[in-house]
Amino acid sequence: MPKRVYFIPRKDDDFFTFQRHLVETVVANKAVWGIPDSAADALTARRAEYEPLYHKSQDKGNRTQANVLAHRQMRKTYEKEIRVFVKGYLMFN
């Protein structure tokens, strides 16, 4: 059986860097790539929701189990949205 390839990093730190670069690249190239402002804005808004949860979950001295759980749940949602976005706008560019 062939090894499954993931384009989205599995480790939290790698995912954080990946999503940041993805959103910045999309915003910088949305006109050239034909990405509607509303789609780029939605991705940017999700990033704004995700990043504070990531930072709080990484703060080992002050985080709670609820912080970690909130981050995990948001990451799942965000990953799904990234996959849909990539399929819809980036896969063929």
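Student: Is His71 buried or exposed?
Tutor: Buried means under 20% relative accessible area, exposed means over 50%, and partly exposed is in between, using a 1.4 Å probe and protein chains only. His71 has 2% relative accessibility, so His71 counts as buried. This is a predicted model, where local features need pLDDT of at least 70, side-chain atom pairs count only at pLDDT 80 or more, and totals for chains, interfaces and linings use all residues. Residues are numbered from 1 along each chain as its sequence is written, and side-chain values use heavy atoms, with hydrogens and water left out.

Student: Which residues is His71 in contact with, leaving aside its neighbours within four places in sequence?
Tutor: Contact means heavy atoms within 4.5 Å. With those neighbours set aside, His71 touches Asp12, Tyr50, Leu53, Tyr54 and Ser57.

Student: Where is His71 found?
Tutor: Helices are DSSP runs of H or I with at least four residues, strands are runs of E with at least two, and both are numbered from the N terminus. His71 is found in helix α3.

Student: How many helices and strands does the protein have?
Tutor: The protein has three helices and zero strands. From the N terminus, the order is α-α-α.

Student: Where is the kink in helix α1 centred?
Tutor: The bend at a residue is the angle between two fitted axes: one for the seven residues ending there, one for the seven starting there. Helix α1 covers residues 12–33, and its kink of about 45° is centred on Val27. Just after α1, Gly34 takes a positive phi of about 75°.

Student: Which residues in α1 are buried?
Tutor: They are Phe15, Phe16, Phe18, Gln19, Leu22, Val23 and Val26. Their cover includes α2 and α3, the latter spanning 65–90.

Student: Where is the place of Ile35?
Tutor: Ile35 lies in the loop between α1 and α2. Ile35 counts as buried because its relative accessibility is 4%. Leaving aside neighbours within four places in sequence, Ile35 is in contact with Val26, Lys30, Ala40, Phe85, Tyr89 and Leu90. Take Tyr89: Ile35 and Tyr89 are 54 residues apart along the chain, yet their C-alpha atoms are separated by 6.5 Å.

Student: How far apart in space are Asp37 and Arg63?
Tutor: Count along the chain, then look at the C-alpha atoms. Asp37 and Arg63 are 26 residues apart in sequence and 35 Å apart in space, C-alpha to C-alpha. Asp37 is found in helix α2. With 47% relative accessibility, Asp37 counts as partly exposed.

Student: What joins the side chains of Asp37 and Lys30?
Tutor: A polar contact is a pair of N or O atoms within 3.5 Å; within protein, one must be able to donate a hydrogen and the other to accept it, and residues adjacent in sequence count only if both atoms are side-chain atoms. Asp37 and Lys30 have a polar contact of 3.2 Å between their side chains. Another polar contact, of 2.7 Å, links the side chains of Arg47 and Glu51.

Student: Is Arg47 buried or exposed?
Tutor: Arg47 has a relative accessible area of 16%, so Arg47 is buried. Arg47 sits in helix α2, residues 37–58. Beyond its neighbours within four places in sequence, Arg47 contacts Gln19, Arg20, Val23, Glu24, Pro52 and Tyr78.

Student: Is Gly88 buried or exposed?
Tutor: Gly88 is exposed, because its relative accessible area is 55%. Gly88 belongs to helix α3. Gly88 and Ala39 are 49 residues apart in sequence, and 10.0 Å apart in space, C-alpha to C-alpha.

Student: What percentage of the residues in the protein are buried?
Tutor: Of the 93 residues in the protein, 31% are buried. As for contacts between residues at least 6 apart in sequence, 67% join residues at least 24 apart.

Student: What are the dimensions of the box that the C-alpha atoms fill?
Tutor: Taken along the principal axes, the box is roughly 45 × 40 × 15 Å.
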